[in-house]
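This briefing covers one protein chain, grouped by topic. The sequence and structure come first, and the notes follow.

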Amino acid sequence: RSFGHDARFLREHTDAIVLRDGNAAIAVVPEYQGRVMTATAQGDQGASSGWINYDLVKQGVLPAEQAADKLDAHMYAFGGEERFWMGPEGGQYSIFFAPGKAFEFDDWFTPDPIDNEPWEVALREENKVVFKHDFNLVNQSGTPFAVGVDRTVKLLDVEQAAGILGATIPVGIDLVAYQTVNTVRNEGDAA
């Protein structure tokens with residue numbers, strides 16, 4: 001489908017933000033932890049490069065008491081091209097297993113802060129958006145964590161992309177480039 005189609009669809013069902021620079025564009029969704037859902041190098045009529053789980057996006061994030069009804073009880077697989085993620089996913093320090101749970105897939109769940117909690121838009125500019133989210137986690141060993149995350153999603157112009165790549169980008173090349181920077185802070189009292 002085209003980027004224009006997907007951007008319209010996301011705006012109908014979410015709080016999607018579209019960043020543009022000429023024909024380059026990305027769709028970012030605060031409701032999905034500032035996830036970059038899709039991108040294009042050829043404007044609204046160009047190809048949409050991200051995978052979108054249309055059925056789940058239509059369904060939306062369910063209240064916690066209905067979470068088992070989501071299409072995959074272990075995580076909301078909304079799709080996208082790039083997202084924030086934390087680990088470890090397994091072992092005694094895992095944040096994907098509740099304290100005391102066995103290391104079996106039936107007990108593996110993506111923590112709500114990186115799965116179904118919306119993130120606050122702290123700053124929005126023409127070519128970037130900054131998200132903030134503070135949350136608490138407990139790992140499988142029972143250790144609590146107070147976490148703060150700042151996430152910047154920035155659409156890059158041709159010169160910025162060339163500088164990062166250390167290369168010259170030929171004139172006439174259709175290009176979409178973006179950068180995400182995630183800063184994780186310990187907001188707790190213990191190291």
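A charge sits over a ring if NZ of Lys or CZ of Arg is within 6 Å of the ring centre and within 35 degrees of the ring normal. By that criterion, the charged end of arginine 1 sits over the ring of tyrosine 54, 4.5 Å from its centre.

The model is predicted: local features need pLDDT of at least 70, side-chain atom pairs count only at pLDDT 80 or more, and totals for chains, interfaces and linings use all residues. Residues are numbered from 1 along each chain as its sequence is written, and side-chain values use heavy atoms, with hydrogens and water left out.

**Overall layout**

- The chain holds 3 helices and 9 strands; helices (H or I, at least four residues) and strands (E, at least two) are DSSP runs, numbered from the N terminus.
- In sequence order the pattern is α-β-β-β-β-α-β-β-β-β-α-β.
- The C-alpha trace spans about 55 × 40 × 25 Å along its principal axes.
- Of the 191 residues, 42% count as buried, where buried means under 20% relative accessible area, exposed over 50% and partly exposed in between (1.4 Å probe, protein chains only).
- Contact means heavy atoms within 4.5 Å; among contacts between residues at least 6 apart in sequence, 55% join residues at least 24 apart.

**Nonpolar cores**

- A nonpolar core is a set of buried Ala, Val, Leu, Ile, Met, Phe, Trp, Tyr and Cys residues joined through side-chain atoms within 4.5 Å.
- The largest such core has 22 residues, and those with the most contacts inside it are Ile26, Val28, Met86, Val129, Phe135 and Val153.
- Two or more residues of this core come from each of β1 (17–21), β2 (24–29), β3 (35–40), β7 (128–138) and β8 (144–156).
- Another core, of 16 residues, lies apart from it and includes Phe3, Ala7, Val18 and Tyr32.
- Leaving aside residues up to four places away in sequence, methionine 86 touches Ile95, Phe96, Ile114, Phe135 and Leu137.

- β2 is largely enclosed by the rest of the structure, because 6 of its 6 residues are buried.
- Ala24, Ile26 and Val28 point one way from β2, while Ala25, Ala27 and Val29 point the other way.
- Two strands pair if DSSP finds at least two bridges between them; β1 and β2 pair in the antiparallel sense over 5 bridges, with valine 18 opposite alanine 27 in β2.
- The hairpin of β1 and β2 has 2 residues between the strands, and glycine 22 takes a positive phi near 65 degrees there.
- β2 and β3 also pair in the antiparallel sense over 5 bridges, and valine 28 stands opposite valine 36 in β3.
- Between β2 and β3 the hairpin has 5 residues, and glutamine 33 in the turn has a positive phi of about 60 degrees.

**Aromatic pairs**

- The structure holds 8 aromatic pairs; rings of Phe, Tyr and Trp (its six-membered ring) pair if their centres lie within 6.5 Å, with planes under 30 degrees apart counted as stacked, over 60 as edge-to-face and the rest as tilted.
- Phenylalanine 9 and tyrosine 54 have ring centres 5.0 Å apart and planes at 75 degrees, so the pair is edge-to-face.
- That pair links distant parts of the chain, with phenylalanine 9 in helix α1 (residues 3–13) and tyrosine 54 in helix α2, 45 residues apart.
- Phenylalanine 9 is buried, with a relative accessible area of 8%.
- The rings of phenylalanine 97 and phenylalanine 103 are also edge-to-face, because their planes are at 90 degrees, and their centres are 5.3 Å apart.
- Phenylalanine 97 is buried at 6% relative accessible area, whereas phenylalanine 103 is partly exposed at 47%.
- Trp85, Phe96, Phe105 and Trp108 form one aromatic cluster.

**Histidine 74**

- Histidine 74 is in the loop between α2 (54–59) and β5 (79–80).
- Its relative accessibility is 11%, so histidine 74 counts as buried.
- The side chain of histidine 74 reaches the backbone oxygen of tryptophan 108 at 2.4 Å; a polar contact is a pair of N or O atoms within 3.5 Å, where within protein one must be able to donate a hydrogen and the other to accept it, and residues adjacent in sequence count only if both atoms are side-chain atoms.
- Not counting residues up to four places away in sequence, histidine 74 touches Phe105, Asp106, Trp108, Phe109 and Thr110.

**Ends of helix α3**

- At the start of helix α3 (residues 158–165), a side-chain oxygen of aspartate 157 reaches to within 3.2 Å of the backbone nitrogen of glutamate 159.
- Glycine 166 follows α3 and has a positive phi, near 65 degrees.
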